[in-house]
Amino acid sequence: MTGNGLAEAIGRHGLVPRGGFVFDKGEAAPLALSGRPARSVVLIGNAGASYWPHFRRWREGRPADLENPLDTWCREVIGGIAQDFGARAVSPSDRPFLPFQQWAMRAEGLKSSPLGILMHPEYGLWHAYRGALLFDIEIAVESVHEPIHLCDACVGKPCLKACPVDAYTPAGFAHGDCLSHVCGPEGKPCRTAGCLDRNACPYGVAYRYPAEVQAFHMKAFAKL
């Protein structure tokens with residue numbers, strides 16, 4: 001999409017293009033750099049933890065008590081790319097919230113897993129969307145072919161059986177139960193190596209985040 005230059009610029013930070021699309025005519029699209037409704041969007045994210053060394057080097061030169069460092073790094077990196085390519089950068093944490101999950105499903109044809117994370121046919125659950133570029137022009141994007149939804153082929157659903165407090169069920173996510181367990185004396189395995197349910201998923205294991213990365217995200221989730 002949009003030529004190799006954009007993909008290379010994104011890849012220099014350990015990130016990857018995560019698909020894109022052209023907004024339909026008359027669709028309520030967010031504003032692009034010009035102040036007019038955007039014509040197209042390119043999502044940017046990570047597949048596995050290839051971004052981690054880049055983020056960690058950046059983090060070494062910043063205050064130890066910096067709030068939301070990963071979000072700050074992503075905004076800085078994606079904002080710089082947007083400036084170079086004449087786009088407006090937006091983030092999943094922007095207010096009012098933009099429909100990033102709907103954009104992702106539309107861009108890559110993905111469906112949700114029982115944990116709420118979109119299941120990718122290659123990356124499994126080990127990926128994320130870190131931002132997006134909004135363009136004033138229609139960009140060339142590859143046609144989306146609906147991938148096999150791996151959760152449909154998973155009979156045992158181990159992702160719903162590993163959590164000691166059954167935080168994930170067909171009824172939804174028990175946030176309070178999860179948080180109490182993670183912060184409590186029995187939650188050390190979750191704090192140091194990540195969500196047990198997520199790690200139980202048999203797909204995309206080659207992209208599984210290292211324990212250090214999972215511990216970082218769990219700390220942010222639990223505000224430890």
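This is a predicted model: local features need pLDDT of at least 70, side-chain atom pairs count only at pLDDT 80 or more; totals for chains, interfaces and linings use all residues.

Reader: Which residues of helix 3 are buried?

Author: Pro69, Leu70, Trp73, Cys74, Val77, Ile78, Ile81 and Ala82 are buried in helix 3. After the helix comes Gly86, with a positive phi near 65 degrees.

Reader: What makes Glu108 and Arg18 a salt bridge?

Author: The cut-off is a side-chain nitrogen of Lys or Arg within 4 Å of a carboxyl oxygen of Asp or Glu. For Glu108 and Arg18 the closest N and O atoms are 2.8 Å apart, and the pair forms a salt bridge. Glu108 belongs to helix 4 (residues 100-108) and Arg18 to strand 1 (residues 16-22), so the pair ties together parts that are 90 residues apart in sequence.

Reader: Why is Glu108 called buried?

Author: Buried means under 20% relative accessible area. Glu108 has 17% relative accessibility, so the residue counts as buried.

Reader: How many salt bridges does the structure hold?

Author: The structure holds 9 salt bridges. One of them joins the side chains of Arg106 and Asp24, at 3.6 Å from N to O. This pair links distant parts of the chain, with Arg106 in helix 4 and Asp24 in the loop between strand 1 and strand 2 (40-47), 82 residues apart. Asp24 and Arg106 also belong to a network of salt bridges that includes Glu27.

Reader: Why is Arg106 called partly exposed?

Author: Partly exposed lies between the 20% limit for buried and the 50% limit for exposed. Arg106 has 31% relative accessibility, so the label is partly exposed. Asp24, at 49% relative accessibility, therefore counts as partly exposed as well.

Reader: What makes Glu212 and Arg56 a salt bridge?

Author: The limit is again 4 Å, and the side chains of Glu212 and Arg56 meet at 3.2 Å, N to O. Glu212 sits in helix 9 (residues 211-222) and Arg56 in helix 2 (residues 52-60), so this pair links distant parts of the chain, 156 residues apart.

Reader: Are Glu212 and Arg56 buried, exposed or partly exposed?

Author: Glu212 has a relative accessible area of 42%, so Glu212 is partly exposed. Arg56, at 38% relative accessibility, also counts as partly exposed.

Note on methods: Residues are numbered from 1 along each chain as its sequence is written. Side-chain values use heavy atoms; hydrogens and water are left out. Buried means under 20% relative accessible area, exposed over 50%, partly exposed in between (1.4 Å probe, protein chains only). Helices (H or I, at least four residues) and strands (E, at least two) are DSSP runs, numbered from the N terminus.
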